[in-house]
Amino acid sequence: MFDKSIEAYEDAKKVIPGGVDSPVRAFKSVGGTPPFIQKGEGAFLIDIDGNKYLDFVQSWGPLIFGHCDSDIENAVIETVKKGLSFGAPTLLETQLANEIVEMYDNIDKVRFVSSGTEAVMSAIRLARGVTGKNDIIKFEGNYHGHSDSLLVQAGSGMATFGAPSSPGVPADLTKHTLLCEYNNIENLKKCFEDSSDIACIIVEPIAGNMGLVPGDIEFLKQCRELCTKNGALLIFDEVMSGFRASLTGAHGVVDIKADIITFGKVIGAGMPVGAFASSKEIMGNLSPEGAVYQAGTLSGNPVAMAAGLVSLQKLKANPSIYDELNKKALKLVNGLKDVATANNIGLQVDTRGSMFGFFFADKQPKNFKEVSEFCNFERFAKFHHEMIKKGFYFACSQYEAGFICAAITEEMIDECLAAANEVMKSL
Ligand SMILES: *Cc1c(COP(=O)(O)O)cnc(C)c1O
């Protein structure tokens, strides 16, 4: 019953590297053929073979209202009719910027781009431009997009200086990236001892790219304090957690103020949007006001802005949505833990707002190394495979977080737990 997807995958592989436009979609870590999607419907995905799945991926985060939300759909259609792009300012950009600025007392201005990668890359350039320093601190297992200086892994020589994690990235470009262990304060302090040239810390305050691993409050406080003390800027990468973990992202959860915040995913509601935001003093350094260059032909695209605007307005009009989504997330992960326990399987679970995570592990991992060491990846792959067959679409890697959308009901979660119970018996 995956015949059409199997054929489509073979066809795609002939003309697209690996058959996909972003590697995680290829199901490499769990094996099997990725279903090719025909359409979405609320909480569900329907593939080209006609299989229907309850979708816990939601395009990797952007779709907090699920697929084909009618308000967002209508706003997009009305905007499309007026033209797709102008390369000139529109009112929509100011409106969306205002929606964001109103929610944060540490944000005065926002610059829109077209992806999370671009947002982070630009935020780092801004931090370097403002501080006049070169080094950046990044944490192992945090993902900030695919720009050169952020594709680093632990180097073999000096403990903290990163080595390229991909061919094509010159070591000269990663030598300014200091790699630290997440949730490790001592390691972080050592970075500031190793270098007096640190422009910024870039961190996912609620890490969602090594599975869900929230930053400890004390660790995040130290990030803040060490930046302030050393004249560096703190960048919260909230491309995933922004408008997901709470209405004000991780900020709303941990109450620690970053100097620059990056956004993506939910602010575009499924359209390609990213943004970075800060105080008027810091943003004043950005061209054309200041000298730090940053630009984009399709930045602030009206169709994308319209989608984001309606999405944020809907979230603001109904702030209790985060409690409702979290209740469902807890029902899901606690239910999974119960069925796992009943089958003598260790499962670690956590949630933040509409984000959830589960690890097939006996202990809760706190950093990337622990995720790799503690988790049973084989068991995850089997679980994933069997759940897909039963119509439940989870992220295809233990290193990814899951998402609850507003269209998912308690009954749907009950059905998922019943299926998981069957599957866990065979693990
Ligand atoms: C997804 C993500 C990015 C990259 O965003 P793209 O739109 O895929 O370029 C950056 N940072 C975090 C935290 C993300 O989750």
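A residue is called buried when its relative accessible area is under 20%, exposed when that area is over 50%, and partly exposed in between, with a 1.4 Å probe and protein chains only. Helices (H or I, at least four residues) and strands (E, at least two) are DSSP runs, numbered from the N terminus. The model is predicted, and for that reason local features need pLDDT of at least 70 and side-chain atom pairs count only at pLDDT 80 or more, while totals for chains, interfaces and linings use all residues. Residues are numbered from 1 along each chain as its sequence is written, and side-chain values use heavy atoms, with hydrogens and water left out.

A place to begin is helix H14, which runs over residues 410–425 and spans 23 Å from its first C-alpha to its last, close to the 22 Å expected at 1.5 Å a residue; the expected span of a helix is 1.5 Å times one less than its number of residues. In H14 the buried residues are Met412, Ile413, Cys416, Leu417, Ala419, Ala420, Val423 and Met424. An α-helix has 3.6 residues a turn, so residues three or four places apart point the same way. The buried residues of H14 pack against strand S2 (44–47), strand S3 (52–55), helix H11 (321–342), helix H13 (377–389) and strand S17 (392–393), where contact means heavy atoms within 4.5 Å.

Helix H4, at residues 116–131, also has its span recorded: its 16 residues reach 22 Å from the first C-alpha to the last, close to the 22 Å expected at 1.5 Å a residue. After H4 comes Gly132, whose phi is positive, near 70°.

A polar backbone atom of Gly116 is 2.8 Å from an oxygen atom of the ligand, and a polar side-chain atom of Thr117 lies 2.6 Å from an oxygen atom of the ligand. On the side of Tyr143, a backbone N or O atom lies 3.2 Å from a nitrogen atom of the ligand. Taken alone the ligand exposes 380 Å², of which the protein buries 83%, the accessible areas coming from the Shrake-Rupley method with a 1.4 Å probe and, for residues, only the protein chains shown counting as cover.

The phi of Lys265 is near 40°, a positive value in a residue other than glycine. Most residues other than glycine have a negative phi, and most peptide bonds are trans. Ser59, in the loop between S3 and helix H2 (70–80), likewise has a positive phi, near 60°, and counts as partly exposed because its relative accessibility is 40%. The peptide bond from Ser287 to Pro288 is cis, with omega near 10°, and Pro288 lies in the loop between H9 and H10.

The loop between helix H9 (280–283) and helix H10 (302–317) also holds Asn301, which is buried because its relative accessible area is 16%. The side chain of Asn301 reaches the backbone nitrogen of Val303 at 3.0 Å, and, leaving aside neighbours within four places in sequence, Asn301 is in contact with Leu84 and Ser85.

Ala207, in strand S10 (residues 206–207), is buried because its relative accessibility is 0%. Not counting residues up to four places away in sequence, Ala207 touches Asn142, Tyr182, Leu212, Val213 and Pro214.

Definitions and conventions:
A polar contact is a pair of N or O atoms within 3.5 Å; within protein, one must be able to donate a hydrogen and the other to accept it, and residues adjacent in sequence count only if both atoms are side-chain atoms.
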